Amino acid sequence: MAALTNLDRTRYLAQQYGIAVSLAVADRLARTIVRQTQAGVPAGALNEIRRRHGALLTRDLANVAGQLYPQELLFQLPAGAYLRCIPDVVRDVPKILRRMATNDFASLPLDADPQSYPAYYRRTFHWQSDGYLSRSSAQRYDATVELLFRGTADVMRRQIIPPITRHLRALGTTRGLRVLDIASGTGRALSQLAIAHPKLRYVGLDLSPYYLAEARRVLDHVEDLSLVVENAEHLPFPDGYFDIATSVFLFHELPKDARRNVLREAFRTLKPGGLIVIEDSAQLSESGELGAVLQQFSAGFHEPYYKGYIADDLSTALREVGFEVTLDEVQFVSKVVAARKPQRAH
């Protein structure tokens, strides 16, 4: 890997802060146009968010300097593709506002056969049109998430890579190792992981065939890849099949019993000594100072299981199903938790 120069650092920080400011202005303009108000963020929480944003960017650079993932990931935000999505996103805004005003969270495309999905999945999460059940929703998704997180969505996603890199270094090999990415969505997290570790064998799983269709495009650079449309509560794999499991931004969209079912299935399908790395929203256990902000997110977006999630500590949940937690750290407004399946399962 090439050394990270001061010019690289300056270019990266200029990129990230420029994106953050631009998206904040765009968001405020959009809210003004549609006359939508936004609840104020308490001053203490706002200062903490700013501190965490800076810490995330510093960590991103440190991870590259420590060769935990390659420098090319710092400059891979597909801004052009996201800009091309803007007209479609703008056209969708009136529909979103109507759903918000009428609490219409169940308007899903009938040709997607919504009744074939679990009840908790049959809804327009984030008030987005079609929920996760259309091609157009999948094409808009990444751009809207970057808008929400002010250009840090990919930065947060790739924070799952360092614990995996350290795990692989301890093993001393990547030969034949299998990785399961649970709820791959459009494949952005898996894409970054595969760039960092191209010799692993990847399986991406998601309930939405529409999002996995988009993932196939995003992941066309991955040499050894299978994409599977399936419910993570019932993984179609034998016991001990995978060496590593990952999941990014899934658990806050599941009710508690489904969260436990997914973790039990991950435990079952991992080999003894296998690693699981989860990234999801911050929780009250480590981010109590952001409690008001987390509650606002639950109220402002259609996230019916979010309040339950932020009180259901991920490390505790992992231990409940038998994992040994090795890492629990804040990453801006998210957290990364890593755990191992014991060599001898209890």
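The lining of the second largest pocket is made up, by class, of 7 nonpolar, 5 polar and 5 charged residues, where Ala, Val, Leu, Ile, Met, Phe, Trp, Tyr, Cys and Pro count as nonpolar, Asp, Glu, Lys and Arg as charged, and the others, Gly among them, as polar. The model is predicted, so local features need pLDDT of at least 70 and side-chain atom pairs count only at pLDDT 80 or more, while totals for chains, interfaces and linings use all residues. Residues are numbered from 1 along each chain as its sequence is written, and side-chain values use heavy atoms, with hydrogens and water left out.

The volume of this second largest pocket is about 350 Å³. Of its 17 lining residues, Pro78, Ala81, Glu214, Arg217 and Val218 are the closest to its centre. At least two lining residues come from each of helix H3 (79-102), helix H4 (135-148), helix H7 (188-196) and helix H8 (209-218); helices (H or I, at least four residues) and strands (E, at least two) are DSSP runs, numbered from the N terminus.

Strand S5 (residues 270-281) is largely enclosed by the rest of the structure, because 10 of its 12 residues are buried, that is, under 20% relative accessible area, with exposed meaning over 50% and partly exposed in between (1.4 Å probe, protein chains only). Strand S4 (residues 242-248) runs parallel to S5 and is joined to it by 6 bridges, two strands being paired if DSSP finds at least two bridges between them. Strand S7 (residues 334-340), in contrast, runs antiparallel to S5, with 7 bridges between them. Ile276 of S5 takes part in both pairings, as the bridge partner of Ala245 and of Ala339 in S7.

Which residues does Arg158 meet in a salt bridge? The partner of Arg158 is Asp60, at 2.7 Å from N to O, a salt bridge being a side-chain nitrogen of Lys or Arg within 4 Å of a carboxyl oxygen of Asp or Glu. This pair links distant parts of the chain, 98 residues apart, with Arg158 in the loop between helix H5 (153-157) and helix H6 (161-171) and Asp60 in helix H2. Arg158 counts as buried at 3% relative accessibility, and Asp60 counts as buried at 0%.

Helix H2 (residues 43-65) also holds both Arg52 and Glu48, which lie 4 residues apart, about one turn of the helix. Their closest N and O atoms are 2.9 Å apart in a salt bridge.

Key:
On a 1 Å grid over the protein atoms alone, a cavity is a set of points where a 1.4 Å probe fits but cannot get out, and a pocket is an open set with protein on both sides within 12 Å along at least five of seven lines; lining residues have an atom within 4 Å of a point. Grid points are joined across faces, edges and corners, and a volume is the space filled by probe spheres set on the points.
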